[in-house]
Amino acid sequence: MTNRIFALTLAALATLAAWPVQAQGLRAAPQSGISLVPGMARPQGPRQADFIVAVVNSEPITNNEVRARVARIAQQMAQQGSAMPSEAELGRQVLERLILEKAQLQAARETGIKVEDTAVDLAEQNVARQNQIDVPELRRRLAKDGLALSQFREELRNQLITTRLREREVDGKVKISDQEVDAYQREQQAGGAAMVQEINLGMVLVAVPENATPERVAELQAKAQGVLNRAKAGEDFATLVRQYSDGPDKNGGGVLGMRNAERYPQLFADAVRDVPVGGLSPLLRSAAGFHILKLIDKREGGVPLAVPQNHARHILLRPSAQLGEAAARDKLLDFKKRVEAGQADFATLARENSQDGSAKEGGDLGWSNPGQFVPEFEEVVEAL
């Protein structure tokens, strides 16, 4: 985790730790039912107004938030037959988790990380598939358990945001030595590594609104089928993506990236299992809409003996209240012009201006493997 997030978490935990001793601007009010926050006396009497139990950079966490999360976790543990921790311990763990989530989401917002509705749709579909049910049944069960669909989807979105934050801020800084790589390859080759399959897909998504009428669904299906027919006739797939796709990767030609087939939705992996490289899937229907997939590349084998790597520097500016997005862009364009004109050194500018851990190294990100950075960043590096 970055220093930024770690500092936020420690600050919030310090506020929490000090709360039973001094007010810290927080007030406690009695609640009915079971006390779920560590250190609270078990309240009696009628239910009173909610109250704040921790603050993360001026963003509050309320007792009701903690209670709701604890109730859900307790229900899940009971269904799974897991051993239940003490009431105080479970409340403490949940509160610490909420603090960390708040800190991560704040850092993600500052770096401009966003998750599109289509990505949330796919995540919801994956949850349903993992539970061996369809999306309507998943939603029915959520409603039965008292969890609003909007809240469930917001939690999925937050999970995706924190995953992207980790990929951007943490995974890229993990350093593995050449000796470790060589040792791993020798171990895999000696043991006969299991065959794996990696695929790279392109996708056209014709999104279907959640409350679309049957007539609208039929209209969108006809549109998607028309796009598929044009792709089969030989039209450029990337051009069709840019013209017709509602997916988040449309500006990149719909390329989803080379990854283990198991990391794709099962619907996608099954659809292209027997498709040759360069071939197209049949029209697919998911909760997000209609999908057309193109198998761009496929690899099979054990551990690859050679992996192409890139070595890059970067300068990162984070839009904030003091530095708007347009101002950050203009500042970076000025840096670019000065470097290209030979008026400034890239590494020096990075040390003086970059707002991440690579600044002290002149923006040096080291050697990176495919898939180490987020797709938007990697596509630009690959094009240089």
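Analyst: Ala54 stands opposite Ile61 in E2. The model is predicted: local features need pLDDT of at least 70, side-chain atom pairs count only at pLDDT 80 or more, and totals for chains, interfaces and linings use all residues. Residues are numbered from 1 along each chain as its sequence is written, and side-chain values use heavy atoms, leaving out hydrogens and water.

Strands E1 (residues 52-56) and E2 (residues 59-62) pair in the antiparallel sense, over four bridges. Pairing requires at least two DSSP bridges. Strands (E, at least two residues) and helices (H or I, at least four) are DSSP runs, numbered from the N terminus. Two residues separate the strands of this hairpin, and Asn57 takes a positive phi near 50°.

Now the helices. The axes of H4 (residues 117-130) and H6 (residues 149-169) come within 9 Å and cross at roughly 105°. Axes are lines fitted to C-alpha atoms over the stretch in contact, with angles from 0 to 180 degrees between N-to-C directions. H4 and H6 are therefore roughly perpendicular (65 to 115 degrees; under 35 is roughly parallel, over 145 roughly antiparallel, the rest oblique). Residues in contact (heavy atoms within 4.5 Å) include Val120, Ala123 and Val127 in H4, and Phe152, Leu156 and Leu160 in H6. By class, the H4 contact with H6 has eight nonpolar, no polar and six charged residues.

Last, the rings. Arg259 lies over the face of Tyr264, at 4.5 Å from the ring centre. Arg285 lies over the face of Phe290, at 4.9 Å from the ring centre. Here, NZ of Lys or CZ of Arg must be within 6 Å of the ring centre and within 35 degrees of the ring normal.

Note on methods: Ala, Val, Leu, Ile, Met, Phe, Trp, Tyr, Cys and Pro count as nonpolar, Asp, Glu, Lys and Arg as charged, and the others, Gly among them, as polar.
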